Amino acid sequence: MLYTLYDYLCRMTHQEINKLRDIINARIVSTEQDIIELKELVKRSPLDASIGRISRMDAINNKTINEAALRDKEQQLKKLTRALKNTK
């Protein structure tokens, strides 16, 4: 049988729900910090002409990886926010 979040919340005590909220809030704060760091990595200054071709390709690859990680963290933040809202 599949249980929803609502089913679990109905069976939890107020103390357990508060602990769950604290955990979700801590994860939200951590995720927000990760997003700030990733945004800084993504918006790095453009490369100048003196950099080599391999280094330029590596920088482009790193930027692509960081952009994907940023999208994942933003999705995670939305899910955590939704989960926190559902515990109220």
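Is K43 buried or exposed? I looked up its relative accessible area and got 58%, so K43 is exposed. I keep in mind that this is a predicted model.

Entry 1, the search. The general idea is a friendly one: side chains of opposite charge can pair when their charged atoms come close.

E40 has a relative accessible area of 43%, which I noted as partly exposed.

Next I checked the salt bridge between K73 and D34, where the closest N and O atoms are 3.1 Å apart. Helix α3 (residues 53-86) holds K73 and helix α2 (residues 14-42) holds D34, so this pair ties together parts that are 39 residues apart in sequence. I also looked up how open the two residues are: K73 is partly exposed at 24% relative accessible area, and D34 is partly exposed at 23%.

How far apart are the closest N and O atoms of K63 and E67? I read 3.9 Å for this salt bridge, which sits inside the 4 Å cut-off. Both residues belong to helix α3, and because they are 4 residues apart there, about one helical turn separates them. K63 came out partly exposed, with 39% relative accessibility. For E67 I wrote down 28%, also partly exposed.

How values were computed:
Residues numbered from 1 in each chain as written. Predicted model: local features only at pLDDT ≥ 70, side-chain atom pairs only at ≥ 80, totals over all residues. Heavy atoms only, no water. Salt bridge = Lys/Arg side-chain N within 4 Å of Asp/Glu carboxyl O. Helix = DSSP H or I, 4+ residues; strand = E, 2+ residues; numbered from the N terminus. Buried < 20%, exposed > 50% of the residue type's maximum accessible area, 1.4 Å probe, protein only.
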